[in-house]
Amino acid sequence: MTAPYPAAARLDALLGDPWDPGNPYGFAAGTARDAAGAYPAAFAARLAGTGLPLAYLPPALGGDPRPLDDTLLLVRVAARRDAAVMPATLLSCSAVLTVLAAGSPEQAKTVAEWVREGRTVAFALSEEESGSDILAGRCRLDPTAGGYALTGRKWLVGRGATADAAVVVARTAPRGPAAFTAVLLGPDQLAAAVRRPAQPVTGMRGIDFADLVFDHVPVPETAVLGPVGGGLAAAMRAQQLVRLLSTAACLATADTALRTALRFTRARRTGGVPVAETGHGARELALAAAELMAADLSSLTAARHAHLAPGTFGLYSSVVKRAATRLTASAIARARALLGARGVLAHGPGAVVDKAQRDNAVVESIDTSPFGVLRAVATPLPGYAGLLREPPDPGDRALGPLLAYGDPLPDLDPAALDLGARPRDLVLLGFAAHADEIEARLAARGAERAAVLVRHVRAALERTAAAAAGLDRGDPAAAVRQLDLAERLCLLHPAAAAALAWRAHPERGLYGEEPGGAGWLTAVLAVLLAHAEGRAPRQAAPDVLPAGRALARLDDARLLFTALPVPLADGPGTEEPEEGDETT
């Protein structure tokens with residue numbers, strides 16, 4: 001059987017052992033750059049030589065395109081060493097995807113040439129005063145005799161201090177989503193902007209965020225991307241893919257934090273027992289592992305969904321962003337707590353996990369805020385009630401490729417992404433159509449607990465959609481309740497993806513289990529149901545322990561914490577077994 005994701009394995013081998021303190025692409029170098037607030041210039045240059053920054057360009061424009069699940073794994077093996085390298089290498093994708101979604105062939109050719117030359121194209125959408133309310137943006141694009149004049153300020157623009165060009169979304173009409181237009185500013189136009197250093201951020205230090213201030217900056221008509229008034233639509237299409245790609249940083253930071261905590265707790269003892277084997281240590285490692293597995297499967301499946309059903313990807317792009325950020329943040333917090341007092345030290349494992357936690361927190365708010373994500377999920381949720389009760393069978397022709405991780409996919413078409421979150425999500429419909437079959441197959445294999453949890457997930461999904469459909473729109477509390485239901489959907493959706501993934505891989509075990517093994521699935525479903533129902537996840541402890549054992553197996557085998565085996569260059573680390581008691 002062909003090894004999945006060979007490019008990710010090759011890239012990790014190229015970057016060397018991250019535990020080696022002398023490796024410029026390792027954990028020690030990353031924490032040192034973080035402490036100094038230094039830009040990862042050498043690391044970014046090394047990755048540029050691999051073609052990774054061209055992964056989102058079509059071949060006709062000189063790119064090295066890959067299926068998005070393959071790109072996710074490539075970014076993960078790089079960003080697990082230092083998440084700041086992700087915006088350092090892929091930051092232009094927001095701007096470039098906006099151009100590909102709405103621009104002319106000439107504009108696409110121009111921006112692709114800039115990227116191939118190693119230039120950075122910033123993306124300027126957000127404004128400090130309006131926050132997540134994009135429709136309240138005040139930066140203006142006013143018509144003039146020779147084109148337009150751009151006036152206003154864009155906030156926290158990534159690489160804004162050093163970008164060579166920028167895509168800016170500005171207001172061209174008084175109100176409504178069609179009141180905004182996107183323009184591509186080349187080096188000459190961007191040189192007329194004032195670049196003000198942004199306020200310091202807590203994570204991804206060294207990335208030169210800046211505010212861009214425009215004071216009647218001349219913009220030619222040829223810089224407009226697509227029709228006047230279509231800028232927000234183009235940007236939102238691009239943001240669907242950017243939200244997905246940002247989950248790679250979430251997964252990377254969680255992988256690093258959890259691997260660090262696992263090695264630490266296996267080497268430290270309390271009462272003569274390794275902390276990892278104590279009741280508390282084993283439970284917390286297992287819960288964190290299950291949370292990471294859930295985020296991993298959701299991201300991999302979403303990546304393939306974007307290729308196969310771009311017209312219905314809108315909902316999934318928001319779901320996966322919220323699920324990945326919340327679940328990985330929880331996993332990292334557990335990892336840090338397991339370090340005990342060393343978790344607050346500015347060196348060693350504490351520094352590595354602290355950086356991972358801060359970098360992860362930045363991802364939660366960039367591209368789309370948590371509130372914006374939940375609002376995007378809440379709006380179409382009532383429409384799912386009937387479909388989940390009596391779903392049309394999506395057919396295995398759709399589900400097969402969706403879950404065949406690592407297999408080839410049709411080319412990605414950013415322009416085909418639909419802004420309406422239609423109730424045709426392949427995961428939810430596939431799960432509703434096949435839940436009974438999955439439950440029966442699990443029971444036949446003796447995995448009765450997993451079968452019961454599948455039944456609970458289906459019931460919880462139906463209750464969630466029905467509750468959203470039954471809300472009284474005249475009740476002021478209904479809007480808040482709908483956001484709460486959207487949060488629940490974001491946790492149940494990965495459960496549906498996990499069940500479908502188990503169904504799709506009967507010939508091989510995921511996360512290092514034997515073929516058809518359901519221990520990991522039991523753990524994932526149990527922890528997601530606990531989160532969705534507002535219960536303390538520790539109550540799911542009896543069901544999640546297999547995830548902890550899977551975690552240890554994967555680290556022993558030097559594999560990435562992902563569904564299918566991706567070999568890593570990791571050595572044994574620097575933690576030596578220490579006798580005597582060590583409290584956590």
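Let's start at Val 194, which counts as partly exposed because its relative accessibility is 44%. The cut-offs here are buried under 20% relative accessible area, exposed over 50%, and partly exposed in between, with a 1.4 Å probe and protein chains only. Val 194 sits in strand β6. Strands and helices are DSSP runs numbered from the N terminus: E of at least two residues for strands, H or I of at least four for helices.

A word on the model before going on. This is a predicted model, where local features need pLDDT of at least 70, side-chain atom pairs count only at pLDDT 80 or more, and totals for chains, interfaces and linings use all residues. Residues are numbered from 1 along each chain as its sequence is written, and side-chain values use heavy atoms, with hydrogens and water left out.

Back to Val 194. What is Val 194 in contact with, leaving aside its neighbours within four places in sequence? The partners are Asp 211, Leu 212 and Val 213. Contact means heavy atoms within 4.5 Å. Val 194 and Ala 161 are 33 residues apart in sequence, and their C-alpha atoms are 9.4 Å apart in space.

Now Ala 191, in helix α8, residues 187-191. Buried or exposed? Ala 191 is exposed, at a relative accessible area of 60%. From Ala 191 to Glu 221 we count 30 residues in sequence and 18 Å in space, C-alpha to C-alpha.

Next, the loop between β6 (194-197) and β7 (210-220), where we find Met 204. Its phi is near 50°, a positive value in a residue other than glycine. Met 204 counts as buried, at 3% relative accessibility.

Tyr 5 also deserves a look. Its phi is positive, about 50°, although Tyr 5 is not a glycine. Tyr 5 lies in the segment before α1. It is buried, with a relative accessible area of 2%.

On to helix α1 itself, residues 6-15. Which residues of α1 are buried? They are Ala 7, Ala 8, Ala 9, Leu 11, Asp 12 and Leu 15. These buried residues pack against α3 (41-48) and α4. After α1 comes Gly 16, with a positive phi near 80°.

Helix α4 spans residues 68-79 and holds Asp 69. Asp 69 is buried, with a relative accessible area of 1%. Leaving aside neighbours within four places in sequence, Asp 69 is in contact with Tyr 5, Leu 300, Ala 303, Arg 304, Tyr 405, Gly 406 and Leu 409. Axes are lines fitted to C-alpha atoms, for helices over the stretch in contact, and angles run from 0 to 180 degrees between N-to-C directions. Under 35 degrees counts as roughly parallel, over 145 as roughly antiparallel, 65 to 115 as roughly perpendicular, and the rest as oblique.

Pair one is α6 (residues 93-102) with α7 (residues 105-116). They pack at an angle of about 160°, with axes 9 Å apart. That makes α6 and α7 roughly antiparallel to each other. Who makes the contact? From α6, Val 96, Val 99 and Leu 100; from α7, Gln 107, Ala 108, Val 111 and Val 115. By class, that is six nonpolar, one polar and no charged. Ala, Val, Leu, Ile, Met, Phe, Trp, Tyr, Cys and Pro count as nonpolar, Asp, Glu, Lys and Arg as charged, and the others, Gly among them, as polar.

Pair two is α11 (residues 313-338) with α18 (residues 478-504). Their axes come within 9 Å and cross at roughly 95°. α11 and α18 are therefore roughly perpendicular to each other. On the α11 side, the contact uses Tyr 316, Val 319, Arg 322, Ala 323, Arg 326 and Leu 327. On the α18 side, we have Glu 487, Cys 490, Leu 491, His 493, Pro 494 and Ala 497. The contact of α11 with α18 has eight nonpolar, one polar and three charged residues.

Last, the cores. In soluble globular proteins, nonpolar side chains tend to be buried together. A nonpolar core here is a set of buried Ala, Val, Leu, Ile, Met, Phe, Trp, Tyr and Cys residues joined through side-chain atoms within 4.5 Å. The largest has 180 residues. Phe 431, Leu 442, Leu 461, Tyr 511 and Trp 520 have the most contacts inside it. Helix α9, residues 231-267, gives the largest share of this core, 18 residues. Apart from this core lies another, of 21 residues, among them Leu 141, Tyr 148, Leu 150 and Phe 214.
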